[in-house]
Amino acid sequence: MQKSNLLDKINSLPNESGVYRYYHNNTLLYVGKAKNLKKRVRSYFSFTPSLRANPKNSPRIIKLIEEANNLEYTQTSSELDALILENSLIKQMHPKYNILLRDDKTYPYICCDLKEDYPRFEITRKVKKDSLTKYYGPYASGAKDLLEALYLCYPLRQMKSCKKRCIFYDMSRCLAPCEFNVKLEYENILKQALQALKNPKQMLKTLNEKMFKYAENENYEEAAKIRDMINHIKNLNQEIEVDLAKDVCFDVFAVVSDNEFLSSTRLVINHGKVVSVINEKIINKEGDFLSQLLFANYKEGIIPNNIYIKEENENKELLSEYLSKLANHKVSIKIAKTNEVKKLIELAENNSLINIKKQENNLLFKLKSFFNLTNMPYVIEVFDNSHFQGEAIVGAMINYNLSSNEFNKQNYRRYNLTSNNDYEQMQEMLIRRINSFSELASPDLWIIDGGKALLDLANELLAQNEINVDVIAISKEKLNHLAHRAKGAARDKLYFKDKVYELKTNDEILQFIQKLRDEAHRFAITTHQNAKRKNDLKASKLEQLGISKANIIKLLKYYENYENIYKADFDEIAKVTNKNVASKISKNIK
């Protein structure tokens, strides 16, 4: 699109709220929201002597405007709707110039349901709106150690479902409320445990005593476990030690930046103490970092009445309105004014500065630099498919978080496929994954088990849907016409854009991608085997009815799966096979 056409689109914008999107051809560059679309978009440009970037913009915005040759917009009924839509589009489409904050991770809470006769503590990531369930956290780390420490220090009901006294009673770690009436004693112990959750270091003396006792009895493994537990509790908030001496609950956010990164710190203050310190660090791009932080941090968790920030933000009132609706109570985003809150902001800023200077995950940066990826590859999805002679065709997707170096198995996905060849199977699987980006946010990088054809397919599907996700393909080395998967020895080829990479077998990047590919293959094979066993069981039901294998194959070719066979009516089955087969299925299976 020529700049003259771009000018026509700018002039035709309404004076209404909405979301605007800049493109270079079909590549989405930037998503923004506006109270007044025409005024906001015009502010990016100078119009004399010809259309060009406004020199008052930041260098990144000038570069963006120089690249843009197309503009689209979506009008909304309110500025708040525009803010929500902007956040959703950024998560789903990965615009090149937008800040992208991952919000597909949630931090755990420790909860206690006071409605139970004998309440106990559990870890949860989902918060229910229930006044009689107490939540503590969220915890960026150490929640599991804190929970175990509570059960070591206080003789609470250890098991969720227990019907008779057990070994914990014999060890004096439970009062056995399953057998005895210990209501009053239990209530006192519970109060002490709840107090310890507010100040976990109360438990250190008891834990040290237990550690030394295990060591004296030469039970060094248990002593080591408690030693690690003690260290984790000591380090829960080692950077920030604050006691406001007031029973107040609120959150504090601080944001700092340099040329490369944005870093934020969230302090969670419960009952006057800092119970959690949550850090985020992302690549420095354009956009409102605070808005994305609030969208991500309060997606699942508890929302306090007050959230403090250092300085004014153009979306402050909109975000307060959004969070109030989400929380079902008034939420105020306030500028820090009192000395005690200003001190917390300062502490949070110092914490963010420490975070921005921390040693980085080398592989994360190596991967981005080597391929010159558009996105920092924090979250990676890998795709593979599996079948045997066209039977039980399944697709598999695994999810890996490179920032924490762990497989996210809760984000693995299985796909039952109907296509007959590898290309169409991958196409079917990727289309279904793209269609689910609103449920599970798009990753930063896709890895496809296949060659250049599948790489081009993935890039084409992403472009059609205006989504910026980097794609790498890996094709297996062939030895005697067989795939060679041995990590550290296979000379697999890597494909990115129009380049082919043949790295040494001991290369860290190649071995990492092979590791992910092999996990996807393992998951695909397991999924296929489970599907085949299920299908074999269903096939055996038909065989037991005396239906021949030839007729079973006819039915499967026509209906694609056993469920459709079982649902089909008599006349249709009779046409595919014969009346005898239709009668057996109708009488014995339906």
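How many of the 11 residues of helix α5 (residues 143-153) are buried? In this predicted model, the count is 9 of the 11, so helix α5 is largely enclosed by the rest of the structure. The buried residues of α5 are A143, D145, L146, L147, A149, L150, Y151, L152 and C153. As for what sits over these residues, the cover includes β6 (109-113), β7 (121-124), α7 (183-198), α8 and α9 (220-234).

Helix α8, one of the elements in that cover, spans residues 204-216 and holds T206. With a relative accessible area of 29%, T206 comes out as partly exposed. For a sense of scale, T206 and E340 are 134 residues apart in sequence, and their C-alpha atoms are 32 Å apart in space.

S475 belongs to strand β19 (residues 470-475), and its relative accessible area of 16% makes S475 buried, since the limit is 20%. Once the neighbours within four places in sequence are set aside, S475 still touches G450, G451, D492, K493 and Y495.

Next come the aromatic rings. Across the whole structure, the search turns up 22 aromatic pairs. One of them joins F295 and Y322 in a tilted arrangement, with 4.6 Å from centre to centre and 45° between the planes. F295 lies in helix α10 (residues 289-297) and Y322 in helix α11 (residues 316-327), so this pair ties together parts that are 27 residues apart in sequence. F295 and Y322 are both buried. F370 and F371 make another pair: their ring centres are 4.9 Å apart and their planes stand at 85°, so the pair is edge-to-face.

What about the cysteines? A disulfide is a covalent bond between the sulfur atoms of two cysteines. The count here comes to 0 disulfides. C112 shows why: the closest cysteine sulfur, in C111, is 7.5 Å from the sulfur of C112, which is too far for a bond when the cut-off is 2.5 Å. C249 is in no disulfide either, as the nearest cysteine sulfur, that of C112, is 16 Å away.

In the whole structure, 5 cavities of 30 Å³ or more are found. The second largest cavity has a volume of about 110 Å³. Its lining draws on residues from several stretches of the numbering, namely N98, I99, L100, R102, I282, I283, K285, T374, N375, M376, Y378 and D444. By type, the lining of the second largest cavity divides into 6 nonpolar, 3 polar and 3 charged residues.

Key:
Residues are numbered from 1 along each chain as its sequence is written. This is a predicted model: local features need pLDDT of at least 70, side-chain atom pairs count only at pLDDT 80 or more; totals for chains, interfaces and linings use all residues. Side-chain values use heavy atoms; hydrogens and water are left out. Helices (H or I, at least four residues) and strands (E, at least two) are DSSP runs, numbered from the N terminus. Buried means under 20% relative accessible area, exposed over 50%, partly exposed in between (1.4 Å probe, protein chains only). Contact means heavy atoms within 4.5 Å. On a 1 Å grid over the protein atoms alone, a cavity is a set of points where a 1.4 Å probe fits but cannot get out, and a pocket is an open set with protein on both sides within 12 Å along at least five of seven lines; lining residues have an atom within 4 Å of a point. Grid points are joined across faces, edges and corners, and a volume is the space filled by probe spheres set on the points. Ala, Val, Leu, Ile, Met, Phe, Trp, Tyr, Cys and Pro count as nonpolar, Asp, Glu, Lys and Arg as charged, and the others, Gly among them, as polar. Rings of Phe, Tyr and Trp (its six-membered ring) pair if their centres lie within 6.5 Å; planes under 30 degrees apart count as stacked, over 60 as edge-to-face and the rest as tilted.
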